[in-house]
Amino acid sequence: MDKNFQEEQFTGIIKFTPPLYKQRYQFIKDLVGKYKPKKVADLGCADCTLLWMLKFCNCIEVLAGLDICASVMKEKMHRLSPLPGDYLQPAERSLTVTLHHGSVAHKDPCMLGFDLVTCIELIEHLEQSELKKFPEVVFGFMAPSIVVISTPNSEFNPLLPGVTLFRHPDHKFEWNRAQFQSWALETARRYDYSVEFTGVGHPLTGMEKVGFCTQIGVFVRKYAQTTESAQSEKPTEAVYKTVFKAVYPSLKDEKYLQNAVVSEVIFTAQIIKRSLLDRLMSEHEEYNDDPTERKSKFQPSMNRFSEDFGKALVEKSMEPFVNGNVVYIPLKTIFSFPKVNRLCGTFEKLHKLIAGKVTLSSDGSAVMFNTEHENEEN
């Protein structure tokens with residue numbers, strides 16, 4: 001028995017494992033992993049399941065869905081909204097997800113500029129008049145770098161019990177491999193694309209001649225589209241209706257970046273401060289021979305650091321130090337921590353982002369903490 005599906009002896013129903021729709025979506029995810037597109041559009045997105053899966057691909061910054069049925073999109077589109085965790089820990093990349101209500105037979109400028117366009121089990125639902133316009137809209141007007149089209153392979157249908165004419169009542173046609181490849185090759189030739197054929201859903205061992213259950217064409221544009229040609233085709237008016245839009249919090253937005261940097265600086269400085277005070281406490285306990293005479297405050301040990309206070313400020317030492325009840329954590333020390341360094345990029349950017357948000361020394365070289373609370377606790 002082929003690993004991709006199992007046959008239930010009593011019902012006579014063939015089930016693919018994983019399910020065929022998951023195999024199609026995994027094919028797209030693998031393609032995204034290979035080509036790393038930043039902008040992806042799914043035409044005929046239906047319940048937005050593919051878009052939901054793709055939003056977790058870190059290379060993608062723009063996701064768009066289009067479907068002729070707005071109600072189907074609206075049923076599950078809430079899954080595309082940011083979660084509380086996305087605000088607590090914004091991603092480094094930006095991500096915008098938009099859903100449009102409209103037909104693939106119409107041109108709209110909102111669909112320009114995409115790297116990858118997917119059409120999963122779409123074309124067989126198109127009326128003849130729509131199918132005729134489809135190549136010009138997708139390959140001529142949108143002209144993405146890559147187009148993926150999947151459609152049922154009618155040669156596989158005899159292996160699917162219960163299928164008499166088409167697999168779905170809304171299908172207008174189902175092509176065999178020769179018909180699909182003929183259409184795809186002509187489309188590729190007309191719009192300067194190359195095309196490779198593959199599929200998902202292997203047949204049973206010994207019946208390989210029928211091909212994949214779902215046939216797939218991967219079209220790759222041969223030449224980069226010029227700006228002039230793209231603009232000359234751009235319609236003056238939008239025809240799609242936007243039904244959903246979500247902009248995810250991102251560290252590329254200075255507001256979220258500042259919050260993340262301030263939080264990380266305070267967190268890092270607190271760790272350094274705690275380590276320093278613990279060390280001072282240990283030294284203080286060793287300094288006093290008679291445990292009964294130990295003082296509850298850190299002041300004696302701190303005073304030993306105070307004499308170097310002026311020198312430290314002048315030299316901007318990388319070492320944290322104490323003056324009276326104030327702990328000074330040099331910004332350069334904090335900047336040396338990998339996460340802070342990665343978030344800011346430059347020391348100047350760090351200083352700019354935390355200015356007014358974190359208590360700094362008079363010359364701005366160190367984060368300041370008062371130790372009175374530590375004294376009271378100890």
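Predicted model: local features only at pLDDT ≥ 70, side-chain atom pairs only at ≥ 80, totals over all residues.
How much accessible surface does the chain have, and what share of it belongs to carbon and sulfur atoms? I looked it up: about 20100 Å², with 52% belonging to carbon and sulfur atoms (Shrake-Rupley method, 1.4 Å probe).

Residues are numbered from 1 along each chain as its sequence is written, and side-chain values use heavy atoms, with hydrogens and water left out.

Next I checked burial. Of the 378 residues in the chain, 46% are buried (under 20% relative accessible area, 1.4 Å probe, protein chains only).

Then I went for the pockets (open sets of points on a 1 Å grid over the protein atoms alone, where a 1.4 Å probe fits, with protein on both sides within 12 Å along at least five of seven lines; lining residues have an atom within 4 Å of a point). The largest pocket has a volume of about 820 Å³ (the space filled by probe spheres set on the points). It has 35 lining residues, and the closest to its centre are Gly-44, Ile-120, Glu-121, Leu-122 and His-125. Helix H1 (20-35) is one of the elements giving two or more residues to this lining (helices are DSSP runs of H or I, at least four residues, numbered from the N terminus). H1 gives the most, with 4 residues.

Last entry: the second largest pocket holds about 310 Å³. Among its 15 lining residues, Leu-88, Gln-89, Pro-90, Ala-260 and Lys-339 lie nearest its centre. H8 gives the largest share here, 5 residues.

Note on methods. Buried < 20%, exposed > 50% of the residue type's maximum accessible area, 1.4 Å probe, protein only.
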